[in-house]
Amino acid sequence: HFSAGFPQLQSICLEELTHLTDQSISSLSECPHLHTLKLAHCYKGVSNQALFKISQGCSFIKILDLSYCNNISFSTLSSSIQAWPELTELTLRGYNNITNDGFTHPNIKILNLSWAKNLTDSAVVSLASGCPRINIFLLAYCSKITGNSIHRVVRMSSQLSTLNLCGCSRISPFMVKILSS
């Protein structure tokens, strides 16, 4: 167990530790002071059960990275983030389970969905609408999104200061012109 010797643990990065099990990651739920949790590429050990258990035991999460953790269902992700009212940064690079309904969270300011190959225009608009404080929206290499959603996001997101569309091949030159005017 990670938590056994570190009950005051506030931040942990376990990225790319692909051999971690569901049980070992679930033990992080015994770290009640945890505010930063980075589990990118821990796709074997981060399950619905592990995330749910962490959401029940760690109520102060502010920064969460679950990039490429595609074993987590979107419904579990959506309900888990509601347990973290202080969550301001959510990274889901390469997460391919986002539905068109998106999720809502009043305090997310940084949302990284780069490389999410199944991300649609509807999901992008829904997420921007559901996260009204978003000021950094990273959508690099999301090949399904178009200028239609980006135009709507820019119009509705008054606090948006950074938008990364690198590699989004369906964004037209005309849309870039509209964004710059």
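Author: The buried residues of α3 pack against α2 (48-57) and β4; helices are DSSP runs of H or I with at least four residues and strands are runs of E with at least two, numbered from the N terminus. The packing rests on contact, meaning heavy atoms within 4.5 Å. This is a predicted model, in which local features need pLDDT of at least 70, side-chain atom pairs count only at pLDDT 80 or more, and totals for chains, interfaces and linings use all residues. Residues are numbered from 1 along each chain as its sequence is written, and side-chain values use heavy atoms, with hydrogens and water left out.

In α3, the buried residues are F74, T76, L77, S78, S80 and I81. Buried means under 20% relative accessible area, exposed means over 50%, and partly exposed lies in between, with a 1.4 Å probe and protein chains only. Because six of the eight residues of α3 are buried, the helix is largely enclosed by the rest of the structure.

S75 also belongs to α3, which covers residues 74-81. With a relative accessible area of 53%, S75 is exposed. From S75 to N97 the separation is 22 residues in sequence, and their C-alpha atoms are 9.2 Å apart in space.

N96 sits in the loop between β4 (89-91) and β5 (110-112). The relative accessible area of N96 is 18%, so this residue is buried. Leaving aside neighbours within four places in sequence, N96 is in contact with N70, W115, A116, K117 and N118. A polar atom of the N96 side chain lies 3.4 Å from the backbone oxygen of G94.

As for the whole chain, six helices and seven strands are present. Along the sequence they follow the pattern β-α-β-α-β-α-β-β-α-β-α-β-α. Buried residues make up 47% of the 181 residues. Of the contacts between residues at least 6 apart in sequence, 68% join residues at least 24 apart.

Taken along the principal axes, the C-alpha atoms fill a box of roughly 55 × 30 × 25 Å.

Notes. A polar contact is a pair of N or O atoms within 3.5 Å; within protein, one must be able to donate a hydrogen and the other to accept it, and residues adjacent in sequence count only if both atoms are side-chain atoms.
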